[in-house]
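Welcome, and please open the model in your viewer. We will go from stop to stop, selecting a few residues at a time.

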Amino acid sequence: MPESLDFTDAAGLPLAGLTALQALRDVVGVAEGDKVFISGGAGGVGTLAIQLAVWMGAKVATTASPSGEELVRSLGAETVINYRQQRFNNLLSDYDGAFDLTGGQDLTDTFDILKRGATTASIAGIPDPPTAREMGAGLVVTTALKAASAKIRREARKKGVNYRFMFMRPSGSDLAVLAGLVDQGRLKTVTDRVFPFAQIPEAFTYLEQGHAKGKVIVQM
Ligand SMILES: NC(=O)c1ccc[n+]([C@@H]2O[C@H](COP(=O)([O-])OP(=O)(O)OC[C@H]3O[C@@H](n4cnc5c(N)ncnc54)[C@H](OP(=O)(O)O)[C@@H]3O)[C@@H](O)[C@H]2O)c1
């Protein structure tokens, strides 16, 4: 736990922070000077992903609605596209990597903006066969995921780019990296709303509406 955070704000760090760190560092392979696109930058994962990509030396473009624009800019996004009015794939090109948090058409559209050989990491798409292997899935699940993700993988291949789904994996050493960044003032958690323990159903209802800016926390 970062020394500079209380329990409420620290609760927003582990899942979203590990997801963003592992996707950008291990799957996308972000390097200094890269151009990186992150869809859905104003949410729980996106607010941390923008800051981590900037820390890795990347220039970040993201999608947000007008109510999220100021937040994502304050976290370091240089290019902010209002997803309600414009398609990012009509505006961006030659990106070194993408981190997809919204799935669907947004996921396949990231393939249009990448350089050949670059990678889209998704946490909102369909798990692919390598993910099944990492999960230790059996033959049935692996075969099912291979079939389910075939169309997306084919689209990526046609465009000369890579598609990888990822699940966050627990890691004490990665948590230490995140806590260190928070304590150095280089990473901040964004808490949207805090619900008391008795209101867990309301917290989930709010989260499921899909408009959180940062994390939704339940206080024990
Ligand atoms: N695989 C894994 O390990 C893993 C880990 C964590 C999360 N996830 C998944 O990753 C996804 C993102 O999680 P999250 O916690 O960041 O979600 P979240 O906090 O619920 O995201 C909400 C934010 O997304 C924005 N948004 C909604 N639709 C958008 C669109 N089409 N384009 C751009 N922005 C959009 C909303 O902005 P407005 O309200 O302003 O429209 C809101 O600020 C979820 O599907 C979650 O289940 C997977």
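Helices (H or I, at least four residues) and strands (E, at least two) are DSSP runs, numbered from the N terminus. The model is predicted, with local features needing pLDDT of at least 70 and side-chain atom pairs counting only at pLDDT 80 or more, while totals for chains, interfaces and linings use all residues. Residues are numbered from 1 along each chain as its sequence is written, and side-chain values use heavy atoms, with hydrogens and water left out.

**Stop one: the annotated range.** Select residues 1-218, which UniProt lists in an unreviewed entry as "domain: Enoyl reductase (ER)". UniProt positions follow the numbering used here, feature names are shortened, and annotations may be inferred rather than shown by experiment. Over residues 1-218 the chain is 44% helix and 20% strand, with the end C-alpha atoms 17 Å apart.

Now select β4 (residues 95-100). Then show β5 (residues 114-122), parallel to β4 and joined to it by five bridges; Tyr-95 has Leu-114 as its bridge partner.

**Stop three: the second largest pocket.** A pocket is an open set of points on a 1 Å grid over the protein atoms alone, where a 1.4 Å probe fits, with protein on both sides within 12 Å along at least five of seven lines; lining residues have an atom within 4 Å of a point. Which elements each supply at least two residues of this lining? Select α2, α6 (129-135) and β6 (162-165). Among the lining residues are Gln-22, Asp-26, Glu-134, Arg-164 and Phe-165.

**Stop four: the largest pocket.** This one has a volume of about 1100 Å³, the space filled by probe spheres set on grid points joined across faces, edges and corners. Of its 39 lining residues, Gly-43, Gly-44, Val-45, Leu-207 and Ala-212 lie nearest the centre. Which element gives the most to the lining? Colour β8, which contributes four residues. Elements supplying at least two residues each include α3 (44-55), α4 (66-74) and α10 (200-208).

Definitions and conventions
Two strands pair if DSSP finds at least two bridges between them.
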